[in-house]
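Open the model in your viewer and keep the selection panel at hand. The stops below say what to select and what is there.

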Amino acid sequence: MDKYKLQITGSSLRYFFNYLIREKIKFYSIDKTKNSLIVVVSKEDYLKIKKLKTTCTIQVLNRFGVIKIHYLVYKYRYLLLFFLLGLFLILFCSSIIFEVEVVHSKEEIRTLLSNDLSSYGIKKFNFIKSYEEKEEIKKKILALEKEKIEWLEIDRVGPKYIVHVEERKKRKKEENVFPRDIIAKKDAMILTIEAEAGEVVKKKYDYVKKGDMIISGTIKNKEEEMSKIQALGTIFGEVWYKVQVEIPKKYHEEVRTGKEKRVLSLVLLDKSFSFTFNKFNQYDEEKNYILKHSILPIGISQTTRYEKKVTDKEYTIHNIDQKALSFAKEKFNKKDILLEKVLKKTDKDSKIIVEVFLKVREDITDYRKIEDLELKKEEMNE
């Protein structure tokens, strides 16, 4: 309810108070001092009192309810207007791209990426993209430039985008062409043989040891050697690994999801009050002060919040399998995992040690000069 706190002073104070009672003015509180009367009345009664003719002085000490908000807004309207205008400018400027930097040693790649980014709206003085839009643009550029670009990452630092790019390395034609065999890089079971030149001496699902020949560079007619060439091809095989991982029984993990949000906050003492809605339940944040009072503990900060996923779990011998397999697979994140299996689990003090078996599809292609092989045979004969 809207109320006014009034201070009434004057020589005929007692007479005026009795007159107010006769006029049926309702008082919510009354405090008498030596020379004044302090009362709290409703908005309607205050308007009645203002119309009464009296020699007493009536002064408003305070307001309560909506009328106080109206009064404060009107009193500080210019300050509030400048604050809102400043806030709007800060929010507007924080959503504009002021610079796009492509990090690469080659000017050709930098120009290519700058043009692609510009065509998708990531350019100077455009609006900053959301995380979802940025990821979609990254996918489109990688698909468009798949012959030239291997990897791309678009990082936002304030009003600036920093783009890291890795060029796709094309297989260079070897200047020195020499006869060679294609051999196994490691022990494996052959899954595919993509032969371009040479004689294939192994077949799919054959088991090979490291150094075994798969494609021969020696071309024969029956038993007679006709020529020696450079064997060309790619071999993929199934390789086996045993990986040991150690996991604490009480496991805590904090991982950033990649999503981020910029917010404007009022900092008072050690607390922050955000002007924008926070959609992240858990996050890390980095503060950048825009305004900060030199004496008072107050300021306005532009804060970047990074969403994170927090995992707290207690592991035992019985529930450790999935986490152990996940840790083991992380060591082969760029390879195709065909099979994973937990072999052995050991409970030791505050951790659990798990042995994991993995079948991995890998490129097992390696090369050996034919001259080297012949030299070894000659040395053995001697």
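Select Thr365 and Asp363: their side chains are joined by a polar contact of 2.6 Å. A polar contact here is a pair of N or O atoms within 3.5 Å; within protein, one must be able to donate a hydrogen and the other to accept it, and residues adjacent in sequence count only if both atoms are side-chain atoms. This is a predicted model, in which local features need pLDDT of at least 70 and side-chain atom pairs count only at pLDDT 80 or more, while totals for chains, interfaces and linings use all residues. Residues are numbered from 1 along each chain as its sequence is written, and side-chain values use heavy atoms, with hydrogens and water left out.

**Around Thr365**

Stay on Thr365, which lies in strand β22 (residues 365–369). Helices (H or I, at least four residues) and strands (E, at least two) are DSSP runs, numbered from the N terminus. A polar atom of the Thr365 side chain lies 2.7 Å from the backbone nitrogen of Ile235. Is Thr365 buried or exposed? Thr365 has a relative accessible area of 10%, so it is buried; buried means under 20% relative accessible area, exposed over 50%, and partly exposed in between (1.4 Å probe, protein chains only). Now show its contacts, meaning heavy atoms within 4.5 Å. Leaving aside neighbours within four places in sequence, these are Ile182, Ile183, Lys185, Gly233, Thr234 and Ile235.

**The largest nonpolar core**

Next, select Ile247 and Val354. In the largest nonpolar core, which has 29 residues, these two touch the most other members. Such a core is a set of buried Ala, Val, Leu, Ile, Met, Phe, Trp, Tyr and Cys residues joined through side-chain atoms within 4.5 Å. Two or more residues each come from β8 (180–184), β9 (188–197), β12 (213–216), β15 (232–248), α7 (321–330) and β21 (351–363). Which element gives the most to this core? That is β15, with six residues.

Not counting residues up to four places away in sequence, Val354 touches Val243, Gln244, Val245, Ile320, Ala324, Val342, Lys344 and Lys345. Another core, of 17 residues, lies apart from the largest one; Tyr4, Phe16, Leu20 and Leu37 are among its members.

**Helix α5**

Select residues 107–119, which make up helix α5. This helix of 13 residues reaches 18 Å from its first C-alpha to its last, close to the 18 Å expected at 1.5 Å a residue; the expected span is 1.5 Å times one less than the number of residues. Colour Ile109, Leu112, Leu113, Asp116 and Leu117, which are buried. Viewed down the axis of α5, the buried residues fall within an arc of 125°, so they line one face of the helix. The arc is that of the directions from the helix axis to the C-beta atoms. An α-helix has 3.6 residues a turn, so residues three or four places apart point the same way.

The buried residues of α5 pack against β5 (99–103), α6 (131–144), β6 (149–157) and β7 (160–167). Turn to the other side of α5 to find Glu107, Glu108 and Ser119 exposed. After α5 comes Gly121, with a positive phi near 95°.

**Aromatic pairs**

Show the rings of Phe, Tyr and Trp (its six-membered ring): they pair if their centres lie within 6.5 Å, and planes under 30 degrees apart count as stacked, over 60 as edge-to-face and the rest as tilted. By this rule there are six aromatic pairs. Tyr207 and Trp240 are stacked, at 5.9 Å centre to centre and 25° between the planes. Tyr207 is in strand β11 (residues 207–208) and Trp240 in strand β15, 33 residues apart. Tyr207 is exposed at 58% relative accessibility, and Trp240 is partly exposed at 30%.

Then select Tyr251 and Tyr315, an edge-to-face pair with 5.9 Å centre to centre and 65° between the planes. Tyr251 lies in strand β16 (residues 250–268) and Tyr315 in the loop between β19 (298–314) and α7, so the pair ties together parts 64 residues apart in sequence. Both Tyr251 and Tyr315 are buried.

**Two loop residues**

Finish with Lys24, in the loop between α1 and β2 (29–32). Lys24 is not a glycine, yet its phi is positive, about 65°. Asp349, in the loop between β20 (336–348) and β21, also has a positive phi, near 55°.
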